[in-house]
Amino acid sequence: MNYEGRLVKSARVYSNDPGGMTVLSLRAFVASPIFVRPRYASFYGFEKAEPILPLTIEAGLEKALSLEPGDFSLEGRVAYTIQEVKKGRLFRIVFRALPGAPGTFRGYLNLKTNYPEKPLLNIKIIGRFIQKDESGGG
Amino acid sequence: MPQPFEKKTRLHLNPGKVLPMLGQSLAILLLAGALATAVNLWRPAGLSFHYQGDQEPRASEASEKSVWIEVEAAEPLFALKKAVFIDARPPGLYEQEHISGAINLPLDSFETSLEKMNHKIPMETMIIVYCDGKASERSSALAKALLLRGHRNVKVLEKGWDMWVAQELPIEAGHHS
């Protein structure tokens, strides 16, 4: 999702041409329209804890970025807020795990954007909560 | 029919030529030695010139000991906060993303950062070093350097950052506070 930089791909083509094998190569520069850091939200903690996890979303193109909440699959387990830190450029998503039983959960938050290059951002959310006594009293 | 080119040479030992050749060979050897010493001094994890006694593990011992730890074994240590994670990658990569709570100790500026870190991390604390995961060269070199400086529980995360992310374990962006 966040990769930006040079990209070189090549393929060898073998044929019965007297010239023998040919290499076809493609060189490109990949520009990312949106940067999401970190790339996923992964909670790790003890049961009944309410850890928070911030994520930043940064516009990679010159035009202003706007975000709109889409599908969210972890209603009741995780809450989130969207803050616009720098108008049209930088957003902060803060996820907060809601107190619950130990175990693992997995879901996602979709954010709709106004960028046709990336109309939908899918943010994976993973939670692993363990019982307090597993730590040996810690 | 042209004959194949053939030439037989005979070695004549002329003292007037041999002595300068020996001198040049000696000069090349001395230059190579000086260059190797300079590179070793410049390297952040260079070899020590002093024998440090049996109390301190040597680099060769460090490599012989099992310093590798798999992500599956590192995960509970992370969860229970029983290990300090050290990111050996350059600061730019660390700031983009790193293992949650990890300290950045890039191999290139190792010496300057280590002194500050030594005050924070007791010698017996479990330290897990990681880098990008392809060859783990940076993390292995850093682990050896930490062992040489007296840290007793140092491990290298097998397949490093790549494997941690593949398992979708906790990561964060920016500076660790």
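What share of the contacts in chain A with a separation of 6 or more comes from residues 24 or more positions apart? That share is 61%. The legends below walk through this predicted model, view by view.

**View 1. Chain A is built from strands.** Chain A has 10 strands and 0 helices. Follow the sequence along and the pattern reads β-β-β-β-β-β-β-β-β-β. Of the 138 residues in chain A, 17% are buried.

**View 2. A hairpin brings S7 and S8 of chain A together.** Strand S7 (residues 78-86) and strand S8 (residues 90-97) of chain A run antiparallel and are joined by 8 bridges. One pairing to look for is Tyr80(A), whose bridge partner in S8(A) is Phe95(A). The hairpin leaves 3 residues between S7(A) and S8(A). In the turn you'll find Gly88(A), with a positive phi of about 75 degrees.

**View 3. Four strands of chain A make an open sheet.** Go across this sheet of chain A and the order is S4-S10-S9-S6, with mixed pairing. Why is one side of S4(A) and of S6(A) left without a neighbour in the sheet? Strand S4 (41-46) and strand S6 (67-72) of chain A stand at the edges, and each has a single partner strand, so one side of each has no neighbour there. From one strand to the next, the twist averages 25 degrees. Zoom in on strand S9 (residues 103-113) and strand S10 (residues 120-130) of chain A: they run antiparallel, with 10 bridges joining them. Here Leu111(A) stands opposite Leu121(A) in S10(A).

**View 4. The largest nonpolar core shows up in chain B.** This core has 29 residues, and those touching the most other members are Phe85(B), Ile86(B), Ala88(B), Val129(B), Tyr130(B) and Leu142(B). Several elements of chain B each supply at least two residues, including helix H3 (71-79), strand S2 (84-87) and strand S5 (126-130). The largest share, 6 residues, comes from H6(B). Another core, of 20 residues, lies apart from it, and its members include Val36(A), Tyr40(A), Leu53(A) and Phe95(A). Back in chain B, take a closer look at Val129(B): leaving aside neighbours within four places in sequence, its contacts include Ile86(B), Ala88(B), Leu142(B) and Val156(B).

**View 5. Chain A meets chain B.** The contact takes 12 residues from chain A and 10 residues from chain B. On the chain B side, they divide into 6 nonpolar, 1 polar and 3 charged.

**View 6. Leu169(B) sits in a loop and touches both chains.** Look for Leu169(B) in the loop between helix H7 (160-166) and strand S7 (171-172) of chain B. Buried or exposed? Leu169(B) counts as buried because 20 other C-beta atoms lie within 10 Å. Not counting residues up to four places away in sequence, Leu169(B) touches Ser42(A), Glu75(B) and Trp164(B). Ile99(B) is 70 residues away from Leu169(B) in sequence, yet the two are 7.9 Å apart in space, C-alpha to C-alpha.

View 7. The mean pLDDT of chain B is 80, and 76% of its residues reach 70 or more. As for overall scores, the model gets ipTM 0.77 and pTM 0.70.

Conventions: Residues are numbered from 1 along each chain as its sequence is written. Chains are lettered from A and ligands numbered from 1 in the order in which they are written. This is a predicted model: local features need pLDDT of at least 70, side-chain atom pairs count only at pLDDT 80 or more; totals for chains, interfaces and linings use all residues. Two residues are in contact if their C-beta atoms, placed from the backbone, lie within 7 Å. Ala, Val, Leu, Ile, Met, Phe, Trp, Tyr, Cys and Pro count as nonpolar, Asp, Glu, Lys and Arg as charged, and the others, Gly among them, as polar. A residue is buried if 20 or more other C-beta atoms lie within 10 Å of its own, exposed if 12 or fewer, and partly exposed in between; C-beta atoms are placed from the backbone. pLDDT is the predictor's confidence in each residue, from 0 to 100. A nonpolar core is a set of buried Ala, Val, Leu, Ile, Met, Phe, Trp, Tyr and Cys residues joined through C-beta atoms within 7 Å. Two strands pair if DSSP finds at least two bridges between them. Axes are lines fitted to C-alpha atoms, for helices over the stretch in contact, and angles run from 0 to 180 degrees between N-to-C directions.
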